[in-house]
Amino acid sequence: MTRSAITTPPPGATLPEPLPGAPAPGSPLGSHYSRCFGCGDRHPTGLHLSAVTPDGVTVTAEFTVGEAHQGAPGLAHGGVLAAAMDEVIGMSVWLFQRPYVTGRLETDYLAPVPVGTTLHLRAWCTGMSGRKAYLEAEGRAGAPDGPVAVRAAALFIEVGMEHFAEHGDAQAILAEHHEYEVNP
Ligand SMILES: CCCCCCCCCC(=O)SCCNC(=O)CCNC(=O)[C@H](O)C(C)(C)COP(=O)(O)OP(=O)(O)OC[C@H]1O[C@@H](n2cnc3c(N)ncnc32)[C@H](O)[C@@H]1OP(=O)(O)O
């Protein structure tokens with residue numbers, strides 16, 4: 001991955017450990033919002049990522065490129081592939097049980113991805129420092145050990161739940177996130 005200085009952990013960054021209460025290894029991760037373009041099962045043309053965590057700190061997921069995801073005829077749109085990277089990385093920081101948002105996302109496209117291809121995604125943390133989490137992800141075509149078609153490096157920034165209430169739909173958050181106080 002040709003990551004930049006912004007997405008490279010600084011000296012002294014730490015690696016996360018599985019938290020108490022993390023999903024059991026191999027158990028499915030639920031959607032954080034049913035209308036989310038990345039993981040929501042109520043989004044009609046979304047990515048419908050289905051994900052598990054093998055170890056409480058990394059995430060693996062699958063995404064099958066559909067008709068609604070094309071850029072060039074028959075090929076996945078690059079922005080859609082970036083969204084898949086953003087989502088699987090977002091799912092992995094969700095394991096830290098604190099809310100984060102994407103600050104920066106860098107993407108390398110290594111091969112075209114035809115409609116009908118299942119991308120096997122993986123995301124992992126390379127370091128945490130204060131409010132900043134440094135993460136990477138990859139998408140392999142056709143199989144977990146298939147050729148890497150897309151790679152990403154990201155900087156995520158921790159926010160309070162009020163971030164989503166202030167800028168988004170507080171009622172929709174409350175309806176799906178009983179575990180968080182959105183207006184502390
Ligand atoms: C209900 C649950 C929902 C879960 C949703 C997950 C969805 C999946 C992930 C997403 O797609 S999130 C959607 C896309 N991202 C956004 O909408 C974020 C928009 N940006 C912001 O809201 C603010 O810019 C942000 C919260 C990221 C930062 O603003 P703050 O005022 O809180 O912090 P500040 O600007 O002081 O930055 C804190 C540190 O991060 C650094 N930083 C922030 N944004 C950066 C950036 N873009 N690039 C590099 N560094 C950045 C900043 O330099 C600083 O570093 P230092 O502490 O070292 O000084």
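# Briefing: the ligand shell, the sheet and the helix α1

The ligand is surrounded by 17 residues, of which G90, V101, T102, G103 and I157 are the closest; a residue counts as near a molecule or strand if its C-beta atom, placed from the backbone, lies within 6 Å of it. The elements that contribute two or more residues to this shell are α1 (78–94), β4 and β7. The model is predicted: local features need pLDDT of at least 70, side-chain atom pairs count only at pLDDT 80 or more, and totals for chains, interfaces and linings use all residues. Residues are numbered from 1 along each chain as its sequence is written. Helices (H or I, at least four residues) and strands (E, at least two) are DSSP runs, numbered from the N terminus.

**Ligand shell**

- Strand β4 supplies the largest share of the shell around the ligand, with four residues.
- By residue class, the shell divides into eight nonpolar, five polar and four charged residues. Here Ala, Val, Leu, Ile, Met, Phe, Trp, Tyr, Cys and Pro count as nonpolar, Asp, Glu, Lys and Arg as charged, and the others, Gly among them, as polar.

**Annotated domain**

- The unreviewed UniProt entry places the feature "domain: Thioesterase" at residues 74–142. UniProt positions are given in the numbering used here, feature names are shortened, and annotations may be inferred rather than shown by experiment.

**Sheet**

- An open sheet is formed by seven strands in the order β1-β2-β3-β5-β6-β7-β4, with antiparallel pairing; two strands pair if DSSP finds at least two bridges between them.
- Its edge strands are β1 (28–29) and β4 (100–109), each of which pairs on one side only.
- Strands of a sheet pair through backbone hydrogen bonds, either parallel or antiparallel.
- β4 pairs with β7 in the antiparallel sense over nine bridges, and T102 stands opposite F156 in β7. T102 is also one of the closest residues to the ligand.
- Strand β6 (residues 132–141) likewise pairs with strand β7 (residues 148–158) in the antiparallel sense over nine bridges; E136 has A153 in β7 as its bridge partner.
- The hairpin of β6 and β7 has six residues between the strands, and within this hairpin G142 takes a positive phi near 90 degrees.

**Helix α1**

- At 1.5 Å a residue, the 17 residues of α1 should span 24 Å, and the end C-alpha atoms are 24 Å apart, which agrees. The expected span of a helix is 1.5 Å times one less than its number of residues.
- Twelve of the 17 residues of α1 are buried, so the helix is largely enclosed by the rest of the structure. A residue is buried if 20 or more other C-beta atoms lie within 10 Å of its own, exposed if 12 or fewer, and partly exposed in between, with C-beta atoms placed from the backbone.
- The buried residues of α1 are L81, A83, A84, M85, D86, E87, V88, I89, G90, M91, S92 and V93. G90 is also among the closest residues to the ligand.

- Most residues other than glycine have a negative phi, and most peptide bonds are trans.
- H48, in the loop between β1 and β2, is not a glycine and has a positive phi of about 50 degrees. With 18 C-beta neighbours inside 10 Å, H48 counts as partly exposed.
- Q97, in the loop between α1 and β4, is a residue other than glycine with a positive phi near 65 degrees. Q97 counts as exposed, with 12 C-beta neighbours inside 10 Å.

**Two further positions**

- G56 lies in the loop between β2 (50–52) and β3 (59–64) and is partly exposed, with 18 other C-beta atoms within 10 Å.
- Not counting residues up to four places away in sequence, G56 touches P18, L19, A22, P25 and L95; two residues are in contact if their C-beta atoms, placed from the backbone, lie within 7 Å.
- G56 and P10 are 46 residues apart along the chain, and their C-alpha atoms are separated by 23 Å.
- T14 is in the segment before β1 and counts as exposed, with 10 C-beta neighbours inside 10 Å.
- Not counting residues up to four places away in sequence, T14 touches G127 and M128. T14 and A154 are 140 residues apart in sequence and 16 Å apart in space, C-alpha to C-alpha.
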